[in-house]
Amino acid sequence: MNSYLGYAADLVAVAVMVFVLFLPRGGRRELVVAYLAVNVGVLAVAAVLSSSGVSAGLGLGIFGVLSIIRLRSEELSQREVAYYFVALALGLLGGLAPADSWLAPALMVALLAVLWIGDHQRFTIGGSRQELVIDRAITDRGELAAHLEALLGAEPAKIEVRRTDLVNDTTTLVVHGGAR
């Protein structure tokens, strides 16, 4: 019965993470399915591993390899990576079900609290966030900032360069606006 509490706690926790914390704070909608699938997949495999003779170390190693492959397949911001790893951790906590029935749910609440605080608008750059592709490859930060200010009519609060393509003469970036 203890394992069912872990499963239920995981499903509630990942729903809170995705639909209460991530999406309302400007999260990319296409990552919702990734977070949910990774979490439930990890939960299922962790549950099987905890009830079989296979060591948990082997299971964690498999997830490490899978997460490296996933994280290398698309550029994710550090914020999105944090949500990704919390989704993994929630699944492991729910699936491995420690002996103390309160421990997994308590750790899940702690992880969600860390996300809530760490991703709170009071501690992060507020305002708008926009992904742009500029039809020029600009490698100089000062020149890029001046170009964006002229293009957008305002000074960006933060500029994240994702890719500079010198062959196709483009710069892909994320621009953050002023306070909310």
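This is a predicted model: local features need pLDDT of at least 70, side-chain atom pairs count only at pLDDT 80 or more; totals for chains, interfaces and linings use all residues.
Reader: Which element of the protein chain has the highest mean pLDDT, and which the lowest?

Author: H6 has the highest, at 90, and helix H3 (residues 56–73) the lowest, at 61. pLDDT is the predictor's confidence in each residue, from 0 to 100.

Reader: What makes the span of H6 agree with its twelve residues?

Author: Helices are DSSP runs of H or I with at least four residues, strands are runs of E with at least two, and both are numbered from the N terminus. The expected span is 1.5 Å times one less than the number of residues. For H6 that should be 16 Å, and the end C-alpha atoms are 16 Å apart, so the two agree.

Reader: What caps the N-terminal end of H6?

Author: Asp140 does: one of its side-chain oxygens lies 3.3 Å from the backbone nitrogen of Gly142. A polar contact is a pair of N or O atoms within 3.5 Å; within protein, one must be able to donate a hydrogen and the other to accept it, and residues adjacent in sequence count only if both atoms are side-chain atoms. At 3.3 Å, this pair falls within that limit.

Reader: What makes E1 and E2 the edge strands?

Author: The open sheet has the order E1-E3-E2, with antiparallel pairing. Strands E1 (129–134) and E2 (158–165) each pair on one side only. Pairing takes at least two bridges found by DSSP; E1 and E3 (residues 170–176) are joined by six, so they count as paired.

Reader: Why is Thr171 called buried?

Author: Buried means under 20% relative accessible area, exposed over 50%, and partly exposed in between (1.4 Å probe, protein chains only). Thr171 has 0%, so it's buried. This residue is in strand E3, and its side chain reaches the backbone nitrogen of Ile138 at 2.9 Å. Counting contact as heavy atoms within 4.5 Å, and leaving out residues up to four places away in sequence, Thr171 touches several residues, among them Leu132, Val133 and Val161.

Definitions and conventions
Residues are numbered from 1 along each chain as its sequence is written. Side-chain values use heavy atoms; hydrogens and water are left out.
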